[in-house]
Amino acid sequence: MTVIYSSKFLDFGEVGHPESPQRLELIYHELRDAGLFHFETPSAATLSDLLRVHNMSLVEQVKRNEFYNPDTPNIENIYSFALLSAGAALKAISLLEDGREKRFTYALARPPGHHATRKELGGFCYFNNIAVASARLLADGKKVAILDIDVHHGNGTEDIFRGKKNIIYVSLHQSPLYPGTGLAQHDNCFNFPLPPGTSMDSYIEALSLGLRQIKKFSPDILGVSLGFDTYAQDPLAEMRLYRSDYRIVAGMIKRLLLPTFFVQEGGYSQDIGKLAKTFFSELI
Ligand SMILES: [Zn+2]
């Protein structure tokens, strides 16, 4: 499995912010030390990649550092980091499309993306990485399913693809929780809101229903918005998944037998590296 990663993803951040460079570093070290993965570096996404899913006004705001959002820091040069993060998701699909990888790729990148809507940044996200990659797959004539297992609803991804052809969005998330969306099914967007305190048994039930929708849709490729903030010790949410549970989740995704690209979203505990290692070791 190829992991797309760059040490440049560690070069920005705001002191005390939960979306820290350390999160990615922990995952990178665990996967590197496991010795099971091949690493490649990304190149930046282009403007035309971004404009498939975002409007020019959002792109310009990020580029010129002309925005304010309480959760999403206005950091010098954030535009170039956000482009590289979207570029990692694009590389993850390129490897599958050109056959260099048959089954799995992983964009180990930050900033995350699934809260960025067509017109607005938010929730630590500037550009929607998984949407940028999925939109290119759609342009290439592919049928795409997105499974979002971050603990937060991917309001941005839903906003971008709701009502669009050849794509479905399936999300499992805690509710109530930021951003407060994803309470019901909307067109091609299948939402599974789960109460705080949800444990693995109920999580598996919801995941099985979500995966059934994906099977029924029969996509050419699956994108997974991967968050490890469903973990019981995560400081930003209240779900009750434990380390060994990620093995089960990986196994269920693997049994879909689809070419799959994973895109890193949230996960804020100190154990994030071990969770990722458990998940990906099971997968491959
Ligand atoms: Zn999250």
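This is a predicted model: local features need pLDDT of at least 70, side-chain atom pairs count only at pLDDT 80 or more; totals for chains, interfaces and linings use all residues.
Contact here means heavy atoms within 4.5 Å. Leaving aside neighbours within four places in sequence, F279 is in contact with I149, L226, F228, Y246, V249, A250, I253 and F262. The briefing below covers the core, the aromatic pairs and the cavities.

**Nonpolar core**
- The largest nonpolar core has 97 residues.
- Within this core, F279 and F280 touch the most other members.
- Helix 4 (residues 78-97) gives the core its largest share, 14 residues.
- F279 counts as buried because its relative accessibility, 1%, is under the 20% cut-off.

**Aromatic pairs**
- The whole structure holds 13 aromatic pairs.
- One of them joins F67 and Y126 edge-to-face, with 5.9 Å centre to centre and 65° between the planes.
- This pair links distant parts of the chain, 59 residues apart.
- F67 sits in the loop between helix 3 (56-63) and helix 4.
- Y126 sits in the loop between strand 3 (104-107) and helix 5 (129-139).
- F67 is buried at 11% relative accessibility, and Y126 is buried with a relative accessible area of 3%.
- F228 and F279 also form an edge-to-face pair, 6.1 Å centre to centre, with 80° between the planes.
- Here too the pair links distant parts of the chain, 51 residues apart.
- F228 lies in the loop between strand 7 (221-226) and helix 8 (245-254), while F279 lies in helix 9 (residues 272-283).
- F228 is buried, at 0% relative accessibility.
- Ring pairs also build a cluster from F104, Y106, F228, Y246, F262, F279 and F280.

**Cavities**
- Two cavities of 30 Å³ or more are found in the structure.
- The largest cavity has a volume of about 60 Å³.
- Its lining is made up of F12, G13, E14, H17, E19, P73, I75, I78, R110, F124 and Y126.
- By class, the lining of the largest cavity has six nonpolar, two polar and three charged residues.
- H153, H173, Q174, S175, P176, L177, Y178, P179, G180 and T181 line the second largest cavity.
- Four nonpolar and six polar residues make up that lining, with no charged residues.

How values were computed:
Residues are numbered from 1 along each chain as its sequence is written. Side-chain values use heavy atoms; hydrogens and water are left out. A nonpolar core is a set of buried Ala, Val, Leu, Ile, Met, Phe, Trp, Tyr and Cys residues joined through side-chain atoms within 4.5 Å. Buried means under 20% relative accessible area, exposed over 50%, partly exposed in between (1.4 Å probe, protein chains only). Helices (H or I, at least four residues) and strands (E, at least two) are DSSP runs, numbered from the N terminus. On a 1 Å grid over the protein atoms alone, a cavity is a set of points where a 1.4 Å probe fits but cannot get out, and a pocket is an open set with protein on both sides within 12 Å along at least five of seven lines; lining residues have an atom within 4 Å of a point. Grid points are joined across faces, edges and corners, and a volume is the space filled by probe spheres set on the points. Ala, Val, Leu, Ile, Met, Phe, Trp, Tyr, Cys and Pro count as nonpolar, Asp, Glu, Lys and Arg as charged, and the others, Gly among them, as polar. Rings of Phe, Tyr and Trp (its six-membered ring) pair if their centres lie within 6.5 Å; planes under 30 degrees apart count as stacked, over 60 as edge-to-face and the rest as tilted.
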